[in-house]
Number of protein chains: 6
Amino acid sequence: MPMVRVEMYPGRTRQQKADLAKAITEAVVKIAKTTAEATHVVFVEVPKSDWAIAGKLTDES
Amino acid sequence: MPMVRVEMYPGRTRQQKADLAKAITEAVVKIAKTTAEATHVVFVEVPKSDWAIAGKLTDES
Amino acid sequence: MPMVRVEMYPGRTRQQKADLAKAITEAVVKIAKTTAEATHVVFVEVPKSDWAIAGKLTDES
Amino acid sequence: MPMVRVEMYPGRTRQQKADLAKAITEAVVKIAKTTAEATHVVFVEVPKSDWAIAGKLTDES
Amino acid sequence: MPMVRVEMYPGRTRQQKADLAKAITEAVVKIAKTTAEATHVVFVEVPKSDWAIAGKLTDES
Amino acid sequence: MPMVRVEMYPGRTRQQKADLAKAITEAVVKIAKTTAEATHVVFVEVPKSDWAIAGKLTDES
């Protein structure tokens, strides 16, 4: 019953998300031996102004 | 100190969320033997265009 | 397609979790107008030694 | 800087996780246009006794 | 490879988030013995109308 | 009502977690203008064998 959550910056198109959900689901079904119907993929967009690496918000130039 | 997170599609009204928070908190207090004050319920709305099942975004018709 | 995650201290029995999952699911179905089949409830146990409030781990006496 | 979290039942081998991390990372890099180095995949195992669907813990027969 | 997620009400300025990311990262690096580069801090804003304590949404007066 | 979640590899002592919870809480209180009592810090340990970067589980040598 895999639940996959993908946190990433905004900016991907609906088509990219659709393609990514399809590819991740296929990988999960094939490798983790589950069904597609049981596999959820959720996208969570985190703005660069809310994501820091090395102590700096990543929207800083 | 239960922390309950509810991820669901957008579209519920404020009243529905208020009712749901109340019902979930009552269940947690009664069954898990904690206090209402210690129980948090957080709602996270995930658009159908960001939620895939069986490899398809759920806003597809 | 609600996904409910309950973080709490360890110590609840399997029966308490079963009762809580049932009660939360009923509340979600009734109030948020979805189906039971689409509703997932996941329990995540967090030891008191990993949960701090007011800057103190809650296993401190 | 994608962060992918996969919640699933226990029981997959280390090799399955390694293969899944590789496949998911390749899909993310190719489709979301990021680098492999920036892509994290985290596995979280949730026992069936902690995962309910339709109000029932999924370890019930 | 610490990943820190801070859920809080909206209303903090970009500067407050920048300061908080810096302070948290410094604490993680110093105390948990890791590198700043490996430390991520993500802010997630949860409206008071989506956060309940003691069974009441916290935007209630 | 900040809720801070720290995901990291296992291996930190109880004292390190206590110090980290204290330091993070102080930073949150000072910078985000909230109270210590309202601030929770939760530690989640993720084994290296469950955390992949660049498509490889990080317990690989």
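Colleague: Where do I start with this one? Through which surface do the copies A and D meet?
Modeller: Start with the interface. In this predicted model, 100% of the interface residues of chain A are also interface residues in chain D, so the two copies meet through the same surface.

Colleague: OK, and what rotation superposes chain A on chain D?
Modeller: A rotation of 180° does it, with 0.0 Å of shift along the axis and an RMSD of 0.0 Å. The two copies are thus related as by a two-fold rotation axis.

Colleague: What about chain B and chain D, how far apart are their closest C-alpha atoms?
Modeller: Those lie 13 Å apart, and no contact joins chain B and chain D. For chain C and chain E, the closest C-alpha atoms lie 13 Å apart too, and again no contact joins the pair.

Colleague: Let's zoom in on a single chain. What secondary structure does chain A have?
Modeller: Chain A has one helix and four strands. Reading from the N terminus, the order is β-α-β-β-β.

Colleague: Is that chain spread out or compact?
Modeller: Spread out. Chain A has a radius of gyration of 15 Å, well over the 10 Å that the globule rule gives for 61 residues, so it is more spread out than a compact globule. Its C-alpha trace spans about 45 × 25 × 15 Å along the principal axes.

Colleague: How many of its residues count as buried, then?
Modeller: Of the 61 residues in chain A, 56% count as buried. As for the surface, chain A exposes about 2,500 Å², with carbon and sulfur atoms supplying 54% of that.

Colleague: And what share of the contacts comes from residues 24 or more positions apart?
Modeller: In chain A they account for 63% of the contacts with a separation of 6 or more.

Colleague: Switching to charges: how many positive and negative side chains are there in chain A?
Modeller: There are 9 positive and 8 negative ones, and the centres of the two sets lie 6 Å apart.

Colleague: One last spot. Where does E:T34 lie?
Modeller: E:T34 is in the loop between α1 (14–32) and β2 (40–45) of chain E.

Colleague: Buried or exposed, that E:T34?
Modeller: Buried. Its relative accessibility is 17%, and the cut-off for buried is under 20%.

Colleague: What does E:T34 touch?
Modeller: Leaving out residues up to four places away in sequence, E:T34 touches E:M1, E:P2, E:V28, E:V29 and E:T39, plus F:R12 of chain F.

Technical notes: Residues numbered from 1 in each chain as written. Chains lettered and ligands numbered in written order. Predicted model: local features only at pLDDT ≥ 70, side-chain atom pairs only at ≥ 80, totals over all residues. Heavy atoms only, no water. Helix = DSSP H or I, 4+ residues; strand = E, 2+ residues; numbered from the N terminus. Rg over C-alpha atoms; globule rule 2.2 N^0.38 Å. Buried < 20%, exposed > 50% of the residue type's maximum accessible area, 1.4 Å probe, protein only. Contact = heavy atoms within 4.5 Å. Areas by Shrake-Rupley, 256 points an atom, 1.4 Å probe, with all protein chains shown as cover. Lys, Arg positive; Asp, Glu negative; His and termini not counted. Charge placed at Lys NZ, Arg CZ, Asp CG, Glu CD. Least-squares fit on C-alpha atoms with pLDDT ≥ 70 in both.
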